[in-house]
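Please walk me through how to read some features of a protein model. I am new to it.

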Amino acid sequence: MSLVASAGGHSYLQAGKGFSIPKPKRYKLGPRAALVEANPRVNGSPSPMSMQLLPSGRAEDLQAEARALARAVGASVYSPELLSNKYGSRPVKAVKRTLEILVALGFFAFKLFLDQKNGTLDQNKRKRAAELRTIFTRLGPTFVKLGQGLSTRPDLCPPEYLEELSQLQDALPTFPDADAFLCIETELGLPLDSIFSAVSPAPIAAASLGQVYKARLKNSGQTVAVKVQRPGIEETIGLDFYLIRGLGFFINKYVDIITTDVVALVDEFARRVYQELNYVQEGQNARKFKMLYADKEDILVPDIFWDYTSGKVLTMEWVDGVKLNEQAAIERQGLKVLDLVTTGIQCSLRQLLEYGYFHADPHPGNLLATPEGKLAFLDFGMMSETPEEARFAIIGHVVHMVNRDYEAMARDYYALDFLSTDVDVSPIVPALRDFFDDALSYTVSELNFKTIVDGLGAVLYQYPFNVPPYYALILRSLTVLEGLALYADPNFKVLAASYPYFAKRLLTDPNPYLRDALIELLFKDGRFRWNRLENLLVQGSKDRDFSAKDALQPVLKLLLGPDGEDLRTLVIKEAVRVTEAVILGSVVDTYNSVPSFVRTLMFNGNGALAMSSAELQSMMELRGQVFRIWGLLRSSESFDPALLQPILQVLQQPEARSLGGRVVGGITQRLAARLLQQVLRMPSVPTSS
């Protein structure tokens, strides 16, 4: 069984490593850290003291979390001003580090220049990628974090570089065990042997910000992962961010081709890295994430043990699992990668668009397949939030894209905080039209998310957009998930997997913004697009949380509301059309079912209805669509005839009775007109003289 650990912002798998839990064992961990089995067992069972680890009540859990917060009160916070004051007065150290970085990266750039000049750029790509990974590792944690970010950007790096840089998430140099154990004792204020009955003899994994040990808690016997922060990490990354921020000022001032505020991006990235240095914050992130998303049975989030957590030490539940990009290992467990990726996409969409709180670093090491088929999320150091207005604007943006309403798409960028409200969006519309008219010539199932991202990125770079950090992280998250799926299925499309969620939200969410988006999608030029509704129901029913009941009632409430007169007018017209199609379609079915000689006697060979074949075909297609939609609603697992009862109650309201009367009046007029056409069309029968 592979074992999963999380270290310094990233998660790992190690096969065959770790320690054996069943038998008490003594580990040699250095001069301070020899541990023995100290918790006696009675008749082979744990003592009463070790029966439970977690507090029995929520109040005790909160108290333990408060104690952890108190231990982390001195955790560092990113402050450009403090870094400037600190390192601005230490020019020698700053210059020395600058030269170290420039020499390493400059020598690498010179090699790339020679490769291009000699025509060996592609031939040496794998070799250069490995060299860059080595350079980033040698330059330290800040550049390791940078490389980890690049390893999830296939739009920026060739495959060879992606593969090499992804190893930064797996194999970094460890720091001495004695330093780690001293950190645990200092942070928790307890001797090591009073906390753990067993600890792995070496780190299970190491990463940019820390390293992980596998341990067994003394008072409960539960297996845990203990993440310990690297000594001196704050000093190292502080100096690097001070220098990188200075480079950002230079780029903003002198490099016109880059329109994005580089300093703002550096500040955002640095702020997130500093947040990762506070392990109590990471524990709180995990708790919140578990509360919001682990209600689904196929999602697993490990528990945090607050009594053994501080700013630099994080103790969490141990998880057995396999990385999501190890397809062969996953399939050996009888699992399918695509099922797990689809679960990840659905969970990511909930994160991005329901609660707005999402995991901003979903690389393969942080997404794991458990033997039970669950998708485990690890490492909650880097989280982000989608503003509420932006959540609905994103869904509306998708609707506008499907409708090819590029003017509305351009206006969406105000709500998405891409543009200030004083910027004129009219010049952006032609660029959107040029790109999306071509992209939307494909079906949703054929659209590649990376293609959309790249094309939209090209548009964004031409205009004064300021892409907010949350949006860049959303794109990264979904691009990573699509990349993972492409390992298993080159034809996988993340947009096709996402569409059921969007359809469900549009059909069932009572939010006024989404209700307006649904109306915009279903009505065009005063006509109802039944094919769109049918497609939404087909796609929405693929989402496990879809409810036919929820899809019906919000629409009725909107229709009969005080502000629904314009919609009622449209619905009346469509209800008349549909009722006419059903009634006259039944007449046609009856006509076609009787023998031909009877038809001749009844209609003198003129047919059942006075309408053209094209009109008749259109009417029959409409009736067929309506029947199919009703069948889709009835086929929903949540459909129950009893759900119509509240709908009938709504229909008894005065507005509904008035609406019904107007529909009946319209149907009567249409049928009377049809009957008159039929009578006038029938030839007169000659009388005998």
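The dialogue below takes confidence, a helix pair, a helix and some strands in turn.

Q: What is the mean pLDDT of the protein chain?
A: This is a predicted model, in which local features need pLDDT of at least 70 and side-chain atom pairs count only at pLDDT 80 or more, while totals for chains, interfaces and linings use all residues. Residues are numbered from 1 along each chain as its sequence is written, and side-chain values use heavy atoms, with hydrogens and water left out. pLDDT is the predictor's confidence in each residue, from 0 to 100. The protein chain has a mean of 76, and 71% of its residues reach 70 or more. Over residues 1–6 pLDDT stays under 50, and it also stays under 50 over residues 8–18.

Q: At what angle do helix H4 and helix H6 pack?
A: Two packed helices are described by the angle between their axes and the distance between the axes. Axes are lines fitted to C-alpha atoms, for helices over the stretch in contact, and angles run from 0 to 180 degrees between N-to-C directions. Helices (H or I, at least four residues) and strands (E, at least two) are DSSP runs, numbered from the N terminus. H4 (residues 125–139) and H6 (residues 159–166) pack at about 35 degrees, with axes 8 Å apart. Contact means heavy atoms within 4.5 Å; among the residues making it are Arg-126 and Phe-136 of H4 and Tyr-161 and Leu-165 of H6.

Q: Why is helix H21 described as largely enclosed?
A: Buried means under 20% relative accessible area, exposed over 50%, and partly exposed in between (1.4 Å probe, protein chains only). In H21 (residues 530–540), 8 of the 11 residues are buried, so the helix is largely enclosed by the rest of the structure. The buried residues include Trp-530, Arg-532 and Leu-533.

Q: Which residues lie on each side of strand E8?
A: In a regular strand the side chains alternate between the two faces of the sheet. In E8 (residues 223–229), 7 of its 7 residues are buried. Thr-223, Ala-225, Lys-227 and Gln-229 are on one side, and Val-224, Val-226 and Val-228 are on the other.

Q: How many bridges join strand E7 to E8?
A: Two strands pair if DSSP finds at least two bridges between them. E7 (residues 210–217) and E8 run antiparallel and are joined by 7 bridges; Gln-211 has Val-228 of E8 as its bridge partner. E8 is also joined to strand E10 (residues 313–317) by 5 bridges, again antiparallel, and there Val-228 has Val-313 as its bridge partner.
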